[in-house]
Amino acid sequence: SISKTFTAMGIMQLKEKGVLELDDPVTKYLPDFQIPAHPQYGGDYRQITLRMLAQHTSGIPGTYMPHFIDESPGNMEMLNEVDKDLTKLNLSSAPNDTWAYSNMAVSLLGAVIPKVAMPNDTYLEGYTAYLEEHIFSPLKMEKTSILPKAGEVKSKSYKEYGIEAPTTYISAAPAGSIRSTASDMEKYMTALLSGGANVLSKKSVEEMLNPEELTAERAFGKKAGLIWMPYELPSGNNIWLHDGATQNFYSLVAIDPVTRLGVFVSSNTAGGYGTAGIGMNALLMAIMEKTGENIVPNTYATTTKQAVELNYLKTLEGTYSPLAMKVTADGAAGLKYEVLGQKGELVAQNDGTFLDPSDGMRYFFQKLKNGNVTMGYYSGLEKMYYGEQVGDVKAQFRAGFEGTWQYVNKDKDDYMQSLYKTITIGMNGDFPFISIGTSPAMLMFVDEKTCYIPGFARGSGDVIKLVTENGVTYLELDGARYARS
């Protein structure tokens with residue numbers, strides 16, 4: 001997903017040339033793009049701007065599943081149909097309503113680059129050629145590419161216990177297909193820390209790395225750049241970072257424009273997320289050594305218990321998506337919860353938050369403009385969306401969805417079939433649930449042939465449909481088709 005930062009650079013280059021504006025609608029550049037509204041949350045695709053795509057507030061679902069991860073580079077040509085493929089899905093939320101990470105949104109953003117700069121090429125050809133000519137080549141990133149190069153030495157990747165994993169490719173090139181080396185990434189970071197070097201102006205770098213407070217209501221004041229994510233230091237300065245992962249690779253790039261220090265780390269094993277801590281710790285130590293500043297990560301201030309009006313706690317009672325967390329008032333002390341068979345308590349604090357003593361997680365509740373009560377949690381000092389109150393869903397269950405469904409295998413190279421091979425839908429106590437692999441989520445039903453995963457975080461809002469073709473009923477999710485097993 002570090003590839004997304006190169007897509008942002010390409011967009012900023014074109015903005016510099018005056019051929020696009022970030023607040024223009026996507027349809028200005030991709031007239032074939034359209035995506036139906038969400039059956040419950042609504043939304044109009046014509047309101048989606050390039051900036052929303054770059055800040056993950058567009059409402060476009062996270063993944064178009066078929067061939068998203070593939071064992072053949074030939075299927076990367078699916079990028080050529082990205083604007084048309086999205087017509088088969090639904091928005092997962094209204095534009096600029098929430099922050100939810102989306103690979104498909106950035107794929108669509110990347111398609112704008114060839115449409116504007118190389119209109120005679122396919123999206124994949126144009127995107128590949130543009131980055132090669134305007135970023136890789138000027139920065140002398142000779143071992144960086146999107147499509148495999150003849151004679152290149154590919155890094156092997158490994159599953160657990162040293163079992164070699166198959167080579168895979170991301171079909172959504174602008175969101176995750178770039179292959180590079182540490183030495184080439186050093187050149188990339190150096191360019192950014194030098195004010196853009198010969199690929200971007202200093203003004204455009206600063207605009208791309210500007211911690212803009214998002215206006216989406218369910219972003220809760222989150223700050224973001226264009227693709228890049230800020231990590232605020234106690235001094236108020238920001239480290240800018242982006243990480244990325246496939247099944248058996250993980251990488252992180254992080255830069256500090258003030259000290260002009262950066263780090264890139266990568267691992268080729270499953271579960272490589274620990275690499276992020278190694279990289280960030282190395283960068284923080286380097287910043288401390290250069291500045292003499294004692295950097296202690298920002299943490300939430302200590303709070304104390306405080307009784308709360310019972311009437312207020314009663315307004316927070318209910319069931320919250322996406323895991324059917326049942327929340328009830330516990331006198332004036334706070335709340336009790338039950339989720340997936342686990343019980344706990346949320347102790348009211350003197351600053352209005354609620355603390356889970358079992359793990360130290362801190363939660364908050366907020367009433368939205370539409371009257372819904374949303375529940376969130378803190379990651380450091382940043383507010384993150386968890387879920388939202390839902391009504392009685394037991395009576396909504398539609399038996400036509402019930403059962404186990406198998407991914408329809410049309411191509412042996414489609415690696416997604418091994419990741420999302422089976423879907424199970426049924427009742428789990430009082431709540432309809434869907435399990436995709438081992439991940440459960442609750443369901444809300446619109447009618448006999450449509451349901452969705454309630455909520456507004458990544459993976460929530462996805463619409464699931466029953467379709468019948470040649471007398472056979474299939475289940476469709478994120479563009480993938482499942483047959484009843």
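Predicted model: local features only at pLDDT ≥ 70, side-chain atom pairs only at ≥ 80, totals over all residues.
A residue counts as buried here when its relative accessible area is under 20%.

**Helix H5.** Select residues 123–136, which form helix H5. Which of its residues are buried? They are Tyr123, Leu124, Gly126, Tyr127, Thr128, Tyr130, Leu131, Ile135 and Phe136. An α-helix has 3.6 residues a turn, so residues three or four places apart point the same way. Now show what covers the buried residues of H5: the cover includes H1, helix H3 (82–85), H4 and helix H6 (173–176).

**The largest nonpolar core.** Next, select Phe6, Phe33 and Ile60. These have the most contacts inside the largest nonpolar core, which has 73 residues. Helix H4, residues 103–117, gives this core its largest share, 8 residues. Centre the view on Phe33. Leaving aside residues up to four places away in sequence, Phe33 touches Val26, Thr27, Tyr45, Ile48, Ile60, Asp83, Leu86 and Leu108. There is also a second, separate core of 21 residues; Tyr250, Val263, Ala276 and Ile287 are among its members.

**Aromatic pairs.** Show the rings of Phe, Tyr and Trp. Across the whole structure, a search finds 14 aromatic pairs. Start with Phe6 and Tyr188, a stacked pair at 3.9 Å centre to centre with 15° between the planes. Why does this pair tie together parts that are 182 residues apart in sequence? Because Phe6 belongs to helix H1 (residues 3–16) while Tyr188 belongs to helix H7 (residues 182–193). Phe6 and Tyr188 are both buried.

Go on to Phe397 and Phe445. Their rings are edge-to-face, 5.4 Å centre to centre, with 85° between the planes. Phe397 is in the loop between strand E18 (382–390) and strand E19 (403–407), and Phe445 is in strand E23 (residues 444–447); the pair links distant parts of the chain, 48 residues apart. Both of these residues, Phe397 and Phe445, are buried.

**An aromatic cluster and two charges.** Select Tyr41, Phe220, Phe364, Tyr378, Tyr385, Tyr452 and Phe456 together; they form one aromatic cluster. For another charge over a ring, select Arg481 and Tyr474: the charged end of Arg481 sits 4.7 Å from the centre of the Tyr474 ring.

**The barrel.** Switch to a cartoon and colour strands E11 to E18. How many strands close into the barrel, and in what order? There are 8, in the order E11-E12-E13-E14-E15-E16-E17-E18, with antiparallel pairing. Gln366 has Thr374 as its bridge partner in E17.

**The whole chain.** Zoom out to finish. The protein chain has 11 helices and 27 strands. Its radius of gyration is 23 Å, close to the 23 Å that the globule rule gives for 485 residues, so the chain is as compact as a globular protein of that length. Along the principal axes, the C-alpha atoms fill a box of roughly 65 × 65 × 50 Å. Buried residues account for 51% of the 485 residues. Of the contacts between residues at least 6 apart in sequence, 61% join residues at least 24 apart.

Conventions. Residues numbered from 1 in each chain as written. Heavy atoms only, no water. Core = buried A, V, L, I, M, F, W, Y, C linked by side-chain atoms within 4.5 Å. Buried < 20%, exposed > 50% of the residue type's maximum accessible area, 1.4 Å probe, protein only. Helix = DSSP H or I, 4+ residues; strand = E, 2+ residues; numbered from the N terminus. Contact = heavy atoms within 4.5 Å. Pairing = 2+ DSSP bridges. Phe/Tyr/Trp six-rings, centres within 6.5 Å; stacked < 30°, edge-to-face > 60°. Lys NZ or Arg CZ within 6 Å of the ring centre and 35° of its normal. Rg over C-alpha atoms; globule rule 2.2 N^0.38 Å.
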